[in-house]
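I opened the model today to look up its strands, a helix pair and a few single residues. My notes follow in the order I made them.

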Amino acid sequence: MLSKFSEAQTEQYYDHEDAVYRALWDKDGSVHWGLFEDGANMTFLEAGANLNAVMRRRGKLAADSHVLDVGCGSGTTAIALCHALGCRVTGVDLSGVRIANAIDSLEEEPRPVQDKVAFEKASATDLPFPAGTFSHAWSQATIYHVPDKVKVLEEVYRVLEPGGIFVFDDLLKPQPNISEEARKFVYERLLYDTDFSFESYQEALKAAGFEVLEAEDISRHLKTSYQMLSDAASRGNEEHRERFAFLAEAYQETARSVDRKEVGWALFVCRKP
Ligand SMILES: C[S@@+](CC[C@H](N)C(=O)[O-])C[C@H]1O[C@@H](n2cnc3c(N)ncnc32)[C@H](O)[C@@H]1O
């Protein structure tokens, strides 16, 4: 289950790549894929906001929720959740640069939001909170990076109160045979490896103590997200010219890897009994 990438490498990667992600994915700092409604002609960012709305609804988040955002990045979604619902949100992330971004953004917010949202640099494998602190845990596009994914599931379980809900998305490895293209452009680029398929992920959640309420394979939306990102990268960028050229190709190969079932994406809603 342990991958060959370390948390220190991931931290360094996100500290270093923050400016590229802002130039290509979202100037406000969110870095997650989108859920596209059939026939709705959504932009990439609209689809990202739609994923937030779907997760809010399926996770049954409400004004009185206390939410932990695991891998909150630059805090964009945590702040948006507080705006949308008025709930308390605590975000943790491994990247010092991204947590500093989150704290800077929070300082621009009105006092009621500042009072309800907090950010802390921490690893998902060692959450600095007592057992039973949160009514909800939320995570987007993060757990795939963590070498010890089972430890993350156990930590999230620990910090949820009984009856607490864990709503999250993550990458999958649908089958063990990976082409050279997928290895280079998906797994190595994302500092990612896992044994979790759609089925074995659910087994791991159950082994950590969760009841799996919903599991949905949303891989086709991962493909659309990467096709759009590849198009955006192809349009180029003065400051990050070489990186954009590499990403245009890498994102196209990632979309193809989804078609070849070498990488997948799923949404899970779980409950701590
Ligand atoms: C693709 S970004 C997603 C960020 C955010 N969830 C969003 O939607 O914008 C992945 C994030 O996971 C964080 N991360 C990776 N490993 C982590 C770990 N062990 N603990 C906490 N955060 C981690 C990275 O620093 C990065 O900010």
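**Entry 1: a cut-off first.** I count a residue as buried if 20 or more other C-beta atoms lie within 10 Å of its own. I also note that this is a predicted model.

**Entry 2: strand β4.** I looked up β4, residues 134-139. How many of its six residues are buried? Six of the six are, so β4 is largely enclosed by the rest of the structure. Next I checked its partners. β4 runs parallel to β1, and three bridges join the two. One pair I found there is D69 with W138 of β4. On β5, five bridges join it to β4, again in parallel. Here H136 stands opposite I165 of β5.

**Entry 3: the whole sheet.** I then traced the strand order. Seven strands form an open sheet, and the order is β3-β2-β1-β4-β5-β7-β6. The pairing is mixed. Which strands sit at the edges? They are β3 (117-121) and β6, each pairing on one side only. From one strand to the next, the twist averages 15°.

**Entry 4: β1 and β2.** I moved along to β1 (residues 66-70) and β2 (residues 88-93). They run parallel, joined by five bridges. I picked L68 and found T90 of β2 as its bridge partner.

**Entry 5: strand β7.** I turned to β7, residues 264-271. Six of its eight residues are buried, so this strand is largely enclosed by the rest of the structure. I looked up both of its pairings. β5 (residues 160-172) pairs with β7 in the antiparallel sense over eight bridges. In that pairing, L171 stands opposite W265 of β7. β6 (residues 211-217) also pairs with β7 in the antiparallel sense, over six bridges. There I found E211 opposite R271 of β7.

**Entry 6: two packed helices.** I needed two values here, since two packed helices are described by the angle between their axes and the distance between the axes. I took helix α9 (residues 219-234) and helix α10 (residues 241-259). Their axes are 8 Å apart and the packing angle is about 160°. That makes α9 roughly antiparallel to α10, because angles over 145 degrees count as roughly antiparallel. The crossing of α9 and α10 is left-handed. I listed some residues of the contact: among them are L222, Y226 and L229 of α9, and F244, L247 and Y251 of α10. By type, the contact residues of α9 with α10 divide into ten nonpolar, six polar and two charged.

**Entry 7: two positive phi values.** I checked phi because most residues other than glycine have a negative one. N41 has phi near 55°, a positive value in a residue other than glycine. N41 is in the loop between α1 (7-24) and α2. L191 has a positive phi of about 45°, and it is not a glycine. L191 lies in the loop between α7 (180-188) and α8 (198-207). Is each one buried or exposed? N41 counts as exposed, with 7 C-beta neighbours inside 10 Å. L191 counts as buried, with 20 C-beta neighbours inside 10 Å.

**Entry 8: V54.** My last stop was V54, in helix α2 (residues 44-58). V54 is partly exposed, with 17 other C-beta atoms within 10 Å. I also looked up its separation from M42, twelve residues apart along the chain. The C-alpha atoms of V54 and M42 are separated by 15 Å.

Note on methods: Residues are numbered from 1 along each chain as its sequence is written. This is a predicted model: local features need pLDDT of at least 70, side-chain atom pairs count only at pLDDT 80 or more; totals for chains, interfaces and linings use all residues. A residue is buried if 20 or more other C-beta atoms lie within 10 Å of its own, exposed if 12 or fewer, and partly exposed in between; C-beta atoms are placed from the backbone. Helices (H or I, at least four residues) and strands (E, at least two) are DSSP runs, numbered from the N terminus. Two strands pair if DSSP finds at least two bridges between them. Axes are lines fitted to C-alpha atoms, for helices over the stretch in contact, and angles run from 0 to 180 degrees between N-to-C directions. Angles under 35 degrees count as roughly parallel, over 145 as roughly antiparallel, 65 to 115 as roughly perpendicular and the rest as oblique. A crossing is left-handed if the near helix is turned anticlockwise from the far one by less than a right angle, and right-handed if clockwise. Two residues are in contact if their C-beta atoms, placed from the backbone, lie within 7 Å. Ala, Val, Leu, Ile, Met, Phe, Trp, Tyr, Cys and Pro count as nonpolar, Asp, Glu, Lys and Arg as charged, and the others, Gly among them, as polar.
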